[in-house]
Amino acid sequence: RYIIDFGVDMSERDAAGYALPFAHVRARVLPERQVNKRASYRDRWWIHVEARPGLRAAIGPLRRFIATPTVGRHRIFVWLVRPTLPDHQLIVIAREDAYTFGVLHSRVHELWSLRMGTRLGFGNDPRYTPTTTFETFPFPWPLDTPEEGLDGEQRRARQVIADAAEGLDGQRRDWLAGESVKPRTLTALYNLRPDWLVNAHAALDQAVLAAYRWGPELADEELLARLLACNLERAGR
């Protein structure tokens, strides 16, 4: 299937230059838009109602960016590249560094997202809500910390996390590309959880915990309590 996308500001005249897609939108979309109460939707009927110019601008200069499903049994993060434009079923983090990817894919952030997110659907699957999960999550140090604001230990910790994250991603890609009777998916992989995947995540978790200067023995509730303390400290409370 295809999605017809005329961008965020293409004129009707220019859009009409794409004859077949434009004809399809005229036949299928225009009748519904003509009765829409919002003038912008009626007048610009060939443009997506939520064309997300902010998202497009954020990922435009990046060589890759991070995405995760809004709802999923497993909290999986992946790299996407242009010209992919994620729809509303994906949450996008406009970052291209493996450090951010690694922290997000760690046990630390997964616990936080499960506690701070919501549940949806008959299967009660976890739902990733950016305002309560990503925006409140205290990274080992704020993501906007400039390079000169990191000390030597933090730089080393960041590199260890990045290496572990790239290792995890590389192993998953190798598995997805392997021969199989059935199509291979990340959901199927995380349902199986082979030893190599468990070990890759364990290495990543160890690297992230070390960046916080916490030990690997922390139970879930203690880990959440420490994250909350970090959150409140940075909020000045």
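I began with Arg 33 and listed what it touches, leaving out residues up to four places away in sequence: Tyr 41, Arg 42, Arg 44, Trp 45, Ile 47, His 48 and Val 49. A contact here means heavy atoms within 4.5 Å.

I noted the ground rules next. The model is predicted, so local features need pLDDT of at least 70 and side-chain atom pairs count only at pLDDT 80 or more, while totals for chains, interfaces and linings use all residues. Residues are numbered from 1 along each chain as its sequence is written, and side-chain values use heavy atoms, with hydrogens and water left out.

I looked up where Arg 33 sits and found it in helix H3, residues 30-33. Helices are DSSP runs (H or I) of at least four residues and strands are runs (E) of at least two, numbered from the N terminus.

Does Arg 33 count as buried or exposed? I found it buried, which is under 20% relative accessible area, with exposed over 50% and partly exposed in between (1.4 Å probe, protein chains only). I found no salt bridge for Arg 33; Glu 32, the nearest side chain of opposite charge, is 6.3 Å away. A salt bridge needs a side-chain nitrogen of Lys or Arg within 4 Å of a carboxyl oxygen of Asp or Glu. I did find that the Arg 33 side chain reaches the backbone oxygen of Trp 45 at 3.4 Å.

I then turned to the whole protein chain. I recorded 11 helices and 5 strands. Its C-alpha trace spans about 60 × 50 × 40 Å along the principal axes. Of its 237 residues, 36% are buried.

How values were computed
Lys and Arg count as positive and Asp and Glu as negative; His and the chain ends are not counted. A polar contact is a pair of N or O atoms within 3.5 Å; within protein, one must be able to donate a hydrogen and the other to accept it, and residues adjacent in sequence count only if both atoms are side-chain atoms.
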